[in-house]
Amino acid sequence: MSDDGNESRDSKNTETEEKSTPASPSHVAETKIDVLLKPAGDAPIMKKKKWAVDRNKRIGWVGEFIKKYLKLTAQDSVFLYVNQSFAPTPDTEIGSIFDCFGSDGKLVLHYCKTQAWG
């Protein structure tokens, strides 16, 4: 009988170890990037400025997200700028831009409805 008790305790310990090691918060943080969206020119101001975006999302996705959030029409254009100087191509991944131009743990992107810089 004592052997059965040890086996059940061992299986309980294994179960709790498995349950206590889900994806760690640091691992989740590595897949998301804090993106700070700032208006420029005639762009409407977003109520929420800081967003957590997957590293593998593309700049074009961010532009479409801004259009939906601001309820712009399909004919409206959204221009995105990094460091208020250049517009990355729509197929560039957020992660690579963050690796090159991110600071203080976030990526700052300026958006506007008409061309402002570059």
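Colleague: At what N to O distance do the side chains of Lys-32 and Asp-54 meet in a salt bridge?

Modeller: This is a predicted model, in which local features need pLDDT of at least 70, side-chain atom pairs count only at pLDDT 80 or more, and totals for chains, interfaces and linings use all residues. Residues are numbered from 1 along each chain as its sequence is written, and side-chain values use heavy atoms, with hydrogens and water left out. A salt bridge needs a side-chain nitrogen of Lys or Arg within 4 Å of a carboxyl oxygen of Asp or Glu. For Lys-32 and Asp-54, the N to O distance is 3.2 Å.

Colleague: How many residues apart in sequence are the parts that this pair ties together?

Modeller: Elements are DSSP runs numbered from the N terminus: helices are H or I with at least four residues, strands are E with at least two. Lys-32 lies in strand 1 and Asp-54 in strand 2, so the parts tied together have a sequence separation of 22 residues.

Colleague: Which residue is the bridge partner of Lys-32 in strand 2?

Modeller: Strands pair if DSSP finds at least two bridges between them. Strand 1 (residues 32-39) and strand 2 run antiparallel and are joined by five bridges. Within strand 2, Lys-32 has as its bridge partner Asp-54.

Colleague: Which strands stand at the edges of the sheet?

Modeller: The sheet is open, with four strands in the order 2-1-4-3 and mixed pairing. Each edge strand has a single partner strand, so one side of it is left without a neighbour in the sheet; these are strand 2 (50-54) and strand 3 (79-82).

Colleague: Where does the salt-bridge partner of Asp-99 lie?

Modeller: The side chain of Asp-99 meets that of Arg-55 at 2.8 Å, N to O. The two are 44 residues apart, with Asp-99 in helix 4 and Arg-55 in the loop between strand 2 and helix 3.

Colleague: Is Lys-67 buried or exposed?

Modeller: Lys-67 is found in helix 3. Because its relative accessibility is 15%, Lys-67 counts as buried.

Conventions: Buried means under 20% relative accessible area, exposed over 50%, partly exposed in between (1.4 Å probe, protein chains only).
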